[in-house]
Amino acid sequence: YIDIDIHHGDGVEEAFFSTSRVLTVSFHKFGDFFPGTGDVTDVGAGEGKFHSLNVPLSDGMDDASFEGLFKPIIAMCIQRFRPGAIVLQCGADSLTQDRLGKFNLTVKGHAECVKFVRAFNIPLMVLGGGGYTIRNVARCWAFETGTCLGVEESMPTAIPVNDYIEYYAPNYELHLDADPTFENLNTPQTLDKLRIRALEHLREMEHVPGVGFSQCPGDFFDRDTAAHDKDDRRMYTVGWE
């Protein structure tokens, strides 16, 4: 499970915190921000130790910085865990201009995560999530739908005329520009430390976890008795005939 919503993916992480069957990875804003969880030290518990990976970030995260973390970390996750399927939660509140989130990702930068994960050719479920500037949520998920289908390069940049076209003023374009005045509080040094720590964390994880089989429960009914009953039924039928 991969979460690029600006909020920590706390619910999914909690659901699988003590199992090694699911690896959860969350890239999110951390600090004085809801839900306040998702520290880098939260790694899972019991059999799930090292199967929860958190990448806590600060305001101003831009495309280059996000990609520099996302790609090597997710590549290592897939190499170590070998998932049979991936769920990617694409909350749009990590986009620039969001009314609540304070990241500075463009639609293309956000969709680059989808494109990267899709390229591994592993069964993939892509979900929506948060997003509080609605016109940009629509932009993002339209483009990411195209990315899932592999047609993102051929999608027109002009938004077609529709009943809600006025919401996309003044440029009526699919894509957003990052805000050049928005300071990225994630320094290169901090990002390097986060990347190194995440990769070290993944090296501690069991390599390709084994499938645990439990003993199969017994039959609901006794087969010998059932066979005997069947013979009895046959005998009664013959008798009536």
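Analyst: Helices (H or I, at least four residues) and strands (E, at least two) are DSSP runs, numbered from the N terminus. This is a predicted model, in which local features need pLDDT of at least 70 and side-chain atom pairs count only at pLDDT 80 or more, while totals for chains, interfaces and linings use all residues. Residues are numbered from 1 along each chain as its sequence is written, and side-chain values use heavy atoms, with hydrogens and water left out.

User: At what angle do helix H3 and helix H4 pack?

Analyst: Two packed helices are described by the angle between their axes and the distance between the axes. Here H3 (residues 107–118) and H4 (residues 134–149) pack at about 25 degrees, with axes 9 Å apart (axes are lines fitted to C-alpha atoms, for helices over the stretch in contact, and angles run from 0 to 180 degrees between N-to-C directions). H3 is therefore roughly parallel to H4 (the word covers angles under 35 degrees). Residues in contact (heavy atoms within 4.5 Å) include Val107, His110 and Val114 of H3, and Phe143 and Leu149 of H4.

User: Where is Phe16 found?

Analyst: Phe16 lies in the loop between helix H1 (10–15) and strand S2 (24–29), and Phe16 is partly exposed, with a relative accessible area of 32% (between the 20% under which a residue is buried and the 50% over which it is exposed, for a 1.4 Å probe and protein chains only). Phe16 and Gly48 are 32 residues apart in sequence, yet 7.4 Å apart in space, C-alpha to C-alpha.

User: What pLDDT does the chain average?

Analyst: The chain averages 89, and 86% of the residues score at least 70 (pLDDT is the predictor's confidence in each residue, from 0 to 100). Over residues 211–216 the pLDDT stays under 50, and the model has one contact beyond four places in sequence for them.

Methods: Parallel < 35°, antiparallel > 145°, perpendicular 65-115°, else oblique.
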